Each structure stands twice: as C-alpha cells, then as structure tokens.
Amino acid sequence: MGVPSSGEFCVQRKVLADSALDELGRRRTHSTKPPLAQRVKDSLRCSVPGLKRAVLKWVPVLSWLPQYSIRENAVGDIVSGLSVGIMHLPQGMAYALLASLTPVFGLYTSLFPVMIYFIFGTSRHISIGTFAVVSIMVGSVTEKFGPDSNFVVGGNGTNGTAVVDIDARDAYRVQISCALTAVVGVLQILFGLVRFGFVVTYLSEPLVRGYTTAVAVQVLLSQLKYVVGVHTTRFTGPLSQVYTLIDLCSLLPKTNIATLVISIVALFVLILVKELNTYYRKKLPMSIPIELIVLIVATIISYFAKFRTHYGVDVVGAIPSGLKAPRVPDGNLFILVFPDAFAIVIVAYAISISISKTMALKHGYKVDSNQELVALGLSNVFGAFFQCYVVTASLSRSLVQESAGGKTQVAGVVSSIIVLITILKIGSLFAELPKAILATIVFVNLKGMFKQFNDIPLLWKSNKMDLMIWSVTWVATILLNLDIGLAVAVVFSMLTVIFRIQLPRYSILGHVPGTELYVDMDAKLIPGVTIFRSSATICYTNAEMYLEALQEKVCVCVRKLIEQNPSVKKKGKKHQTVLVSPTEVGPVYGGFDGQVNSAYQMDPEVSDACPADDDNSARENGGVKTEERHRTHSVILDLSTTSFVDTVTAKTLNNQLKRAGIFSESILLNNLFVTVHDAVLHTLERQAQKNVSQVGTPLLKGPSSVFLIHS
C-alpha cells in the first residue's frame, strides 16, 4: 500500500473471498479466555500476590494513599475541600427538606457516606452526598409510607381541628429513610459483586436527561409552598403533581407576604452572585460562597427581626448538636420499601457513574464501574446506621471540587471535617433560618437541569426518535410519579430499539466513480448488479420483511438504472438495455475485458410496476453480441451491519430465496466476500465470461447469483 503526500491511497491486490482471507491471515475463531472451570479454580486459589491484588482492588485507597504527594496535591485538595464543605452545609439542609426530613439529617448525609467513599471509591473528583434528584425520590417514599394522616391527634379533619404530631411523623419518616437507604445499599453491593454495572447502558442519554428534567419540575413544585409560605396537602401516586399544583394555586390567596419577599430577595442575590462567579471564574481564586453567606445573613436577620413570631415565617426549628449513636435500621420496613429501592438504585448509580466517567476522561484515569457500585452501596449501608439517606454524586459540588484544584478524595475528607464541625458546634445556631431560604437554594441549583429543556429543539433537528424518548420519559415521570415513570421510560426506550430492528432502512447502493466506495446516494448504479443493504441486524423478527424489501429494491434498481442512462430509450413497456464493461465504471475495475449483460426480467408476483422487456434485439459492443433483456444477473447482499444471524433467519433466507427463484445455485464459501468492492469485481468478471460463452442462448429468469458481504 502506498500513501502519497496528497492523502490519497492506492491498494493493488487480488479479489478476496472469505476463504482467501483465511489463507492470508489467521482469524481468531475462539475465545482466548481460559475455560470457566479454570477461571473459577484460579479465583479460589489463595496466594499472597493474589490476596494483595484482591485487597487493592476492593479497597482502592490502599493503592493510592501511600503514594500521595503532599507537595503536589495537598494545597489543591484542602482548598477544594473547604469550598465543597461550605457547599455541603446549605445544600445538605435544603435537600433534606426534599426528602421530607429535618435539615440535620441532610448534614449527617453529607458526613458519614463521604468518609466511606474515600476508602472504597475509584473517582478522584466527584463529591458524594445529597442531591436533588435522589432526595425527591426518597421524599416520595417517606411521604407515601408516612403521610400526615397517619399522625393526626386530637379533633378531626372535617371541622379543621385536627393536629398532626410532627415529632412522631418525622421520627417515623427517619426510620423509613434509613430502611430504604440500607436496602438500596445492599442492592448496590450485590449488583457490583455480580458485575452488573453495565445496566446503566440501557438508560440512554435522552432518557436520563428527560427523567432528571421531570424530577426538577417535581422538585420545583414541592418547594413552592416554602416560597409562598403556605401549607399544602401532600399527595402521592399517579397524578400527584397535578393535584399538588391545583392545591397550591387554590392556596395562593393565603400567601405569606413576608415569606414571599424573603424568597424574592434571596433568589435575586443568589442568581446575581452565581452569575458573577461564572463570569469571573478565571479571575477569582475561588467562587464566592454565596449560599453560605445568604444562609448566615438570613439567620441573623430572622433572629433579630423575629420573623417567626411577628410575621409567621416558617423556620427550620431546633437543630440538635452532636452526633447520634448508631442504630440498626428497622428490618420490618425492608419489604415495605423494597419495590421503591430499585428505581433509586438505578438512578443514583447512573448519575454518579456518568459524572465519574466525565471527570476521569478529562483527567486521564479510569473508574471501575462495578467498584463504584460497591462503594456507593457501602456508603449507603454504613450511612443507614447513622440516620443518613441515599447518596449519590452532585454535579455542582463535583465541578467545584475539580475546578478548585482537587486532585484526590482527600478533598472529600476535608469537606467532611467542615460538616462535622458544623454538626458539633454551629448547627444549633441555624434554628431561626427561614425555610424559604433553603427552598431558594434548591431552585438556584436546579438551573442546570432546567437548561435541559433546550434538548427539545436540538433533538427535533437531529433525532426525532430520541426526542420521543425524552418526551415520553418527561410526561410519564410527571404524571405517573418517579418510580412508575422510570419503568415506563425504560420500557418505551427498549421498544424503540425493537422498532428500529423491526423497521430498518433498506437501500440499494451505488458506486462512487473512481473509488471503491458504495453509498446510498445518487451514485452510479452498476447495470445487472443489485447491491442491497439493511440498516439493522437480520433476525427472526424481520427476516420476511428483508426478503420482501429485497425483491422490491431490485425492481427499483432497474428503474433507477434506466433513469441514470439516457441511452436507454423507453418504448411503452419495452426498453433497450445498456451493456457496461468493467473499464467503463472507473479505473478501479481494470484488469479484465468483456461486457456485462444488464438485462432484467422481474418476477410478475413481485410487482407489476417493474419494467418488462420482450425486445430480443441484439447490440454489438466491443465485438461481443449478447441477448438484451432488462435483467439483474447478480444480487450482492451487504451484511456488514448484521452482528448476528439466528437459525430461524438462516432457514428463512435459504428457503424463501429459493422459493422466490433468486437462487439458481447454492451460496458457497467462495460467494462470501470481505467487501462490496470485491464482490462487484468478482461478479462483473464472472458475468463477462458467461456472456461470451452464452451468446444466442436464452437467459434465466431472475438473478443467477447471490453474493454475501460479511462485516
């Protein structure tokens, strides 16, 4: 092969059938892995090097912490850890409200699981802890099994004298969240051990983005009550978001003006400073911690202005100082929350692994998807004993950790220290913090997810099937709630794959003059040769359709050939054919002489619209006379897009092609070629030889040869 400086290439070789390729080079026809029994035996064999590899694999911190460079990494990790720790405080408290828990449990969730991930995680840059999407999913479970109606004391609901025992309700919801977190953690560990990390590949990007956008809408609806200062009825199940919106609109006349003003001012300040952080991110040594500043200022103002007593503003309330003793989750609740745990397992892992792989790709290292499942699972199981709820990676905190110079998960340890100090000494000072402030912090952090609405016009232009997946996911999640919505989205996404296989795009390929390329464009068709391609794998579901499309496309090929050749004169239903020699289709066909009969006679059972020809006149070209009928003498099946062929398909193709009269001889190994170009060269040379030997003899009806192209 020569490679000229102009970027062109030139290859000179013989036409390669599949058997010839086997002679040139050995192809691997079997797996290089040892047998399963041998692999099991090796895995059970105990040795010191094997034990060391296993420990380093399952406890990654032991592989990188001894090599930690204080000079290169310490400063960046400390600065980024401080930045992320400052973000953990407002986000942990705010997202706990999404989980229908008191704010202190958001702080617990920002502490214990982070320490466990430091030991077992493989990503260097993600920030584990609370996240809006997972928090609202946990909240839907805690509200479903711990509704206000189960804790009514005194009076009754009909005359408005009913009172909800808030303390008992919140305590039971903590038990539910701990049980849910433990179940989620165990499932994640099991999935990681059986190497089930590939499951997220079934969640396409449009599905994930449509789902998270719908979750953002649900988060918005759940927090609006804190912004306007009203108490709405809690709804669960399908259409709960519709009922919530209707109830919220009916309560708007009762809006607490002081709460609304606080929310508007906080939103304005948060949005303004965050935009300034974005605009001047290259000039600022670190982002302005506006969330923490707003938290502190709002608490001070609320305390001295007595917002709760004078204006009826809803505040966080007492936050206990110190850490609680570990407690075993209630095992009686495991079965209750088990069905809801599956959706949370998938979503939490999908979010975490997508952020992890993005960071790893940017910084040139790899993350182990199965070890990430185990790390998340251990973080959740351990956290469940300390009254934490389900954790995952946060995109906003991970970006801050990476941009602030974080190099390893030591930054996570530093952030945990900040959270620990807050829990032990500072947390109780936030008792007078208005809940509206936490709601506005949630709103501002949803900006990235709301930007995903821009996917709609982009997908409309690029891929309407992906737009359907995005739209169905969004609508199903909004109307049917998070768990059912995710199930519907996955099923619909899988159905689109089935539809694409069942209804592929069939095409006839033409030759690009002067090249070895064959494309489905207005390229030059080769008379007498039909090159047929399917865009999908041929299997038992579409084998019959494949054959029908093949017969139809052969007919279309003849009509297009007539249109492309002006020398073909139409006379009613009679046409004169064009004889093409290999040298006429470009220099790549050089190497032999002769004419190709491109006559074609269509089977009347296929289509009456195909050209028929009763003209038996002859034409002389290059000294060789051949009978002229419109006839496809060879069909080339391009199977390069076919990844597998099942037995049903093989039998169907064999039987149906024979029944349709396409076969006049069996397809041998020599009829299997490595490229379309090889098959075309072979059939042109072969037909030229037949034309010379069959002058004056009747031609058979239908193609006489079928050639296969494998990938």
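1. How many nonpolar, polar and charged residues are in the lining of the second largest pocket, by class? The lining has 18 nonpolar, 10 polar and 13 charged residues. This is a predicted model, so every point below concerns a prediction.

2. The volume of that second largest pocket is about 1,100 Å³. Its lining numbers 41 residues, and those closest to the centre are Ile166, Arg169, Asp170, Arg173 and Arg234. Helix 9 provides the largest share, with 8 residues.

3. Next, helix 16. This helix covers residues 369-384, 16 residues in total. From first C-alpha to last, helix 16 reaches 23 Å, close to the 22 Å expected at 1.5 Å a residue. Of its 16 residues, 13 are buried, so helix 16 is largely enclosed by the rest of the structure. Asp368 caps the N-terminal end. The cap places a side-chain oxygen of Asp368 3.1 Å from the backbone nitrogen of Asn370.

4. Helix 7 runs over residues 112-120. Its buried residues are Phe112, Pro113, Val114, Ile116, Tyr117 and Phe118. Which elements cover them? The cover includes helix 4 (61-64), helix 5 (70-98), helix 6, strand 1 (127-129), helix 16 and helix 18 (410-426).

5. Helix 17 (residues 395-403) holds Glu402. Is Glu402 buried or exposed? Its relative accessible area is 14%, and the cut-off for buried is under 20%, so Glu402 counts as buried. Leaving out residues up to four places away in sequence, Glu402 touches His125, Met359, Lys362 and His363.

6. Leu399 also sits in helix 17. Its relative accessibility is 43%. That value lies between the 20% and 50% cut-offs, so Leu399 counts as partly exposed.

7. Helix 19 spans residues 435-445. Here 11 of the 11 residues are buried, so helix 19 is largely enclosed by the rest of the structure. The buried set includes Lys435 and Asn445, along with Ile437, Leu438, Ile441, Val442, Phe443 and Val444. Ala436, Ala439 and Thr440 are buried too.

8. Two backbone angles deserve a check. Ser100 has a positive phi of about 60°, although Ser100 is not a glycine. Its place is the loop between helix 5 and helix 6. At 8% relative accessibility, Ser100 is buried.

9. The second case is Asn481. Its phi is positive, about 80°, and again the residue is not a glycine. Asn481 lies in the loop between helix 22 (464-480) and helix 23 (482-502). Asn481 has a relative accessible area of 10%, so this residue counts as buried.

Notes. Residues are numbered from 1 along each chain as its sequence is written. This is a predicted model: local features need pLDDT of at least 70, side-chain atom pairs count only at pLDDT 80 or more; totals for chains, interfaces and linings use all residues. Side-chain values use heavy atoms; hydrogens and water are left out. On a 1 Å grid over the protein atoms alone, a cavity is a set of points where a 1.4 Å probe fits but cannot get out, and a pocket is an open set with protein on both sides within 12 Å along at least five of seven lines; lining residues have an atom within 4 Å of a point. Grid points are joined across faces, edges and corners, and a volume is the space filled by probe spheres set on the points. Helices (H or I, at least four residues) and strands (E, at least two) are DSSP runs, numbered from the N terminus. Ala, Val, Leu, Ile, Met, Phe, Trp, Tyr, Cys and Pro count as nonpolar, Asp, Glu, Lys and Arg as charged, and the others, Gly among them, as polar. The expected span of a helix is 1.5 Å times one less than its number of residues. Buried means under 20% relative accessible area, exposed over 50%, partly exposed in between (1.4 Å probe, protein chains only). A polar contact is a pair of N or O atoms within 3.5 Å; within protein, one must be able to donate a hydrogen and the other to accept it, and residues adjacent in sequence count only if both atoms are side-chain atoms. Contact means heavy atoms within 4.5 Å.
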